[in-house]
Amino acid sequence: MMFGSINSSGAIIDVTKHGEASDILLPNQTDRVQKVAVDIGGSLAKVVYLTSGPRSQGGRLHFAAFETDNVEKCVAFIRTLLDSPPDTSENAEPVIMATGGGAHRFRDLLNKELGVEIRVEDEMESLTAGLNFLIREVADEVFTYSEDTPMQFVDAAADMFPYMLVNIGSGVSILKVTGDDEFERISGTSLGGGTLWGLLNLLTGVRSFDAMLDMTKTGDNAKVDMMVGDIYGTNYGRIGLKASNIASSMGGVYRKTLDKHFDDSDVARSILYMVSNNIGQIAYLNAQLHGIRHIYFGGYFIRGHPLTMHTLSYAINFWSKGEMRALFLRHEGFLGATGAFFIGERARPADVSQTADNEDKTPGVRRRRAYSFTENFSIAGAIADDAIGSLGMLDREPSALEPLAQLVNTAKCPYTPDTVDLTHEPRQQAYWISAMQRNTNGLLDLADSGALPGCSDPESRQRLSRFVSLYLKHLHQLQRRPLSYGAMSVRALLGLREQCLHEVGLEDIFAGVKKHETDGALAALHAVLREVDAMSESERPRVLLQNVLAGNMFDWGATQLRGVLAEGSLDLDKARDQITWRQEFDNGMDFVARIQHHTYLQAVVFVDNSGADVCLGVLPFVRFLLQQNTRVVLAANSRPALNDVTDRELVDIVRRAQVVDPIFGTDLLSVCGTGSSGPCLDLRKLDARLVQATQNADLVVIVGMGRAIHSNYYARFSCDSLKLAVFKNQMAADAAHAHIYDALCKYERAV
């Protein structure tokens, strides 16, 4: 089974049988394989490997799995990886990081067949290292599950330790983890996935684990088990037992009133309950004994199987009387391989000349990674056919991602980037998926009309068609299973669109549009500044805010405005006239009053679109701050998204603006990338260099519908903040009880 192929041509979701991945996925491989880690358990062998290539800036982490009985196929797959074009960026010889019991059992086979160094990592250390990595780095990794409330995602990174990991493989190991590299195995049981697999094979003859789980869907364990109701005839309410609770697993087999012929599916469901309930009770008892409330269940036994997760959750909830909850992981089966991979990274000698400024260089102290990972669902796979979630590839970002220092994210004031969780809003969910479908098909029309110069040649037009097909298939998947790729939000849908564009090789389809509009806007900058300078000091700040909002109307992401933008019939005056100002969303005069009597030390301004938006809206406003001796950091996307300006483009724009006014060349002004590549913004994941550069900011300004309405609408800060955007989408306006083209000018003092 493979999650994300190296060569993506013609594929979107690639789920194959165990052991077949090496025969299918690599014939056209061009990406270079950098590192490989393997976790060989009693039942399954899991592989994690990193590739580098044109589609991922810093590398891409992939996942694959094989039955241990077919370990030769797993080894053949790794050999194929090692035979890929070598990574010339590193001089070190290839090393395979291996963990799990099979790393010792099959070490000679690995050495013989692969001919490279096999570095065996401790199994328990690998498990905890893998879990710590996934909790911290992967969005929507952790979730709770029950039949009533399926897949509720949990942000577990803020309060990680202590926790308990119940790793369910062939057997079960229970670990208590109190910190990085601080863990102990406190318990375990021989009743695990191997027990279920073995018993069902003996009783039903079925050999495939997936087929066994599939049987449980239609089974009725009450025909095999002895239930509380069989004994008491009803509930035993005094001790909290329902009539439907199991009193004795398989105990009903010997009751005279039962038919002696038992269906395989009934037996399968009974044994699944027996194993899962026992694991759940043992987990609860250990958590109670050690005073731990966070209980993670991992291991390939779970496989995203709804009934298994519900049973474990029910057991923890029942025995703890609701005081504890079971936590599950989307990458549940890959903890060991992932951990071994990063332990191997730590073991590599540090090249001090290339060590990032934010890494700890103290001898004997674990180096802080100078990069982060984001999940890419452009090519996604499922752990099993009926798994409720999917796995994407993990793209390694070229720098670490950290939260904005001024962002407030506490228990009393938690930060959630998304304004609306579409998962719990079916009407909005249907609207936004439909809107994305129309918007995507509209890109083909724009290309045909010549409005997208970057897609005019046959090759680019073909890539655009591939993108449309790829993204529409993902939208169809989300219509069927809204939680496939984590919590659904406008930010997630827009981000997935950009991932699909980049995956097919369309890095910046609006590049020509941006250049044309920026050239025109910079030509008009002198006149705009002259008009502003002619105003009185009292009216100038208000007009500058109005210009920022007028500029924000030049947004190719807003379907309602694409027609006039393609015609070129929208100018700053017309845009300003189209905006409406309502008191509910505009307290800009409070900011005006504040700025006239207070000078900010440093402002960080998160910008939005190229062209008139940044040139005629943001730059005049920034000039006003610079004139007050406020240091300003302009924060822009690190990679293209729609017609959003990137940090590289913004550096050039600022340089050209110096011709109009030399103040734009002052040392008070700088440009930084956000680390983002989408129209929205998660302020918990910003380029560490930007976070470092804005440590002293006492004013946060966020511009644009994606960054200030679809996301961060409710964000609060430990300093003053200003959110500037226009409601350019009817559904977004309805959700906020606003009207289309209402201005958002939201000024808030520090929390």
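Predicted model: local features only at pLDDT ≥ 70, side-chain atom pairs only at ≥ 80, totals over all residues.
Residues are numbered from 1 along each chain as its sequence is written, and side-chain values use heavy atoms, with hydrogens and water left out.

Let us begin with the whole chain. The protein chain holds 24 helices and 25 strands; helices (H or I, at least four residues) and strands (E, at least two) are DSSP runs, numbered from the N terminus. Of its 751 residues, 57% are buried, where buried means under 20% relative accessible area, exposed over 50%, and partly exposed in between (1.4 Å probe, protein chains only). If you take the contacts between residues at least 6 apart in sequence, 71% of them join residues at least 24 apart.

Now to a sheet of seven strands. This open sheet has the order β8-β7-β15-β14-β9-β10-β11, with mixed pairing; two strands pair if DSSP finds at least two bridges between them. At the edges stand β8 (152-154) and β11 (182-189), each with a single partner strand, so one side of each is left without a neighbour in the sheet. From one strand to the next, the twist averages 30°. Inside the sheet, β9 (residues 163-168) and β14 (residues 294-298) run parallel and are joined by four bridges, with V166 standing opposite F297 in β14. Helix α5 (residues 123-137) packs on this sheet, touching β7 (142-144), β9, β10 (172-179), β11, β14 and β15 (325-329), and its direction makes about 115° with that of β9. Helix α10 lies across β7, β9, β14 and β15, running at about 150° to β15.

In α7 (residues 209-216), the residues F209, M212, L213, M215 and T216 are buried. They cover an arc of only 155° around the axis, which puts them on the same side of α7; the arc is that of the directions from the helix axis to the C-beta atoms. As background, an α-helix has 3.6 residues a turn, so residues three or four places apart point the same way. The buried residues of α7 pack against α6 (193-204), α9 (264-290) and α10 (306-320). At the N-terminal end, S208 caps α7, with a side-chain oxygen 3.3 Å from the backbone nitrogen of D210. For reference, a polar contact is a pair of N or O atoms within 3.5 Å; within protein, one must be able to donate a hydrogen and the other to accept it, and residues adjacent in sequence count only if both atoms are side-chain atoms.

Helix α9 has a residue worth a stop: Y284 lies in it and is buried, with a relative accessible area of 12%. Leaving aside neighbours within four places in sequence, Y284 is in contact with I316, W319, S320 and M324. Y284 and N317 are 33 residues apart in sequence, and their C-alpha atoms are 8.9 Å apart in space.

Next comes a sheet of six strands. It is open, its order is β21-β20-β19-β23-β24-β25, and its pairing is mixed. The edge strands, β21 (669-673) and β25 (743-748), each pair on one side only, and the twist averages 15° from one strand to the next. Strand β19 (residues 602-606) pairs in the parallel sense with β23 (residues 699-703) over four bridges, and with β20 over five bridges, again parallel. V604 has V700 as its bridge partner in β23, while V605 has L634 in β20. Five of the five residues of β19 are buried, so it is largely enclosed by the rest of the structure: Q602, V604 and F606 lie on one side, A603 and V605 on the other. Helix α16 (residues 540-551) lies across β23, β24 (720-726) and β25, at about 50° to β24. Helix α21 (residues 647-657) lies across β20 (631-636) and β21, at about 165° to β21.

Finally, F606 brings us to the largest nonpolar core, which has 69 residues; those with the most contacts inside it are W432, F467, L493, F606, L683, F717 and F727. A nonpolar core is a set of buried Ala, Val, Leu, Ile, Met, Phe, Trp, Tyr and Cys residues joined through side-chain atoms within 4.5 Å. Helix α12 (residues 426-449) gives the most to this core, with eight residues. Apart from it lies another core, of 55 residues, among them L529, F591, Y600 and A612.

Methods
Contact = heavy atoms within 4.5 Å. Axes fitted to C-alpha atoms, helices over the stretch in contact; angles between N-to-C directions.
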